[in-house]
Amino acid sequence: MNLKTLCLGACLTIFTALPASAAIVSGFDSATLARNDDGSTGLIDLGFTANFFGVNFTQLYVNNNGNVTFDSALSTFTPFNLTATNRQIIAPFFADVDTRNSGNPVTYGQGLWDGRNAFGVNWIDVDYYSSSAAHTNKNSFQLILVDRSDIGAGDFDIIFNYDKIQWETGTASGGNADGLGGNSARAGFSNGTGLAGTFFELTGSAINGAFLDGGPNALISNRLNSNLDGRYIFNARNGSIDPTPNPVPAPASLALLAAGLLLLRRQSAR
């Protein structure tokens, strides 16, 4: 076996042997929002201070319909435009979640992310309105807020994690029996002032089919400021958030593959 064949085989083995990683992490499940439709928690402690566009928060409301809010609980089930709202909201998947009869209830709680204090909410295998045991489409997504006071007072990270997006709308929002069509989900955040730079929506928001697995903006197949598909990270620093992607180092497997291919090229040139 020549060097060229040996290198190519080794590089491909290293590349293909890596396991696929799911974006959602375990934990943040010490409390449960009882099965409901359009319900919310009361104020819940974050465990740290978050400076969200100049306003410091230590508590928030967990809302069943795929979002958390700082100003008051939110029962609205048809997603509104996050770029033109007066609500203080962070929404990994704002749509009509209904946990009454099928799927799992929403869980939440404090925990750790990379050794730092964090607060998370899990929407795992959640159903859509009107919840039914006959529904086969389910969604799994997660929100994690991470304390970054190690950088500056009030600094924090917002993390959206997605593992499965099979429905986009409840039937009360114009969707069909499979949870498709109608007024589709939105994902993003807003501080409710409408000022430039204080709101953001992921591309594909409100577009039928866009966020679904296999869709043109599939949430599980894309990433932002992350090296893992299905993970979107926003850095809140000094009271502002710049959603522009930051450079992310290439995974070790890709670096090894690139090195191997470079060696192949040099050997072939001799």
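**View 1. Surroundings of Leu202 in the predicted model.** Apart from neighbours within four places in sequence, Leu202 is in contact (heavy atoms within 4.5 Å) with Phe160, Tyr162, Ala187, Phe211, Leu219, Tyr232 and Phe234. The model is predicted, with local features requiring pLDDT of at least 70 and side-chain atom pairs pLDDT 80 or more, while totals for chains, interfaces and linings use all residues. Residues are numbered from 1 along each chain as its sequence is written, and side-chain values use heavy atoms, without hydrogens and water.

**View 2. The nonpolar cores.** A nonpolar core is a set of buried Ala, Val, Leu, Ile, Met, Phe, Trp, Tyr and Cys residues joined through side-chain atoms within 4.5 Å; buried means under 20% relative accessible area (1.4 Å probe, protein chains only). In the largest core, of 45 residues, Ile90, Leu202 and Phe234 touch the most other members. A second, separate core of 7 residues includes Phe28, Trp113, Ile144 and Ile233.

View 3. Strands are DSSP runs (E, at least two residues) numbered from the N terminus, and two strands pair if DSSP finds at least two bridges between them. Strand β8 (residues 139–147) is largely enclosed by the rest of the structure, because 9 of its 9 residues are buried. Asn139, Phe141, Leu143, Leu145 and Asp147 point one way, and Ser140, Gln142, Ile144 and Val146 the other. β8 pairs antiparallel with β7 (residues 116–126) over 7 bridges and with β9 (residues 156–165) over 9 bridges. Val146 is the bridge partner of Ala118 and also has Asp157 in β9 as a bridge partner.

Methods: Buried < 20%, exposed > 50% of the residue type's maximum accessible area, 1.4 Å probe, protein only. Helix = DSSP H or I, 4+ residues; strand = E, 2+ residues; numbered from the N terminus.
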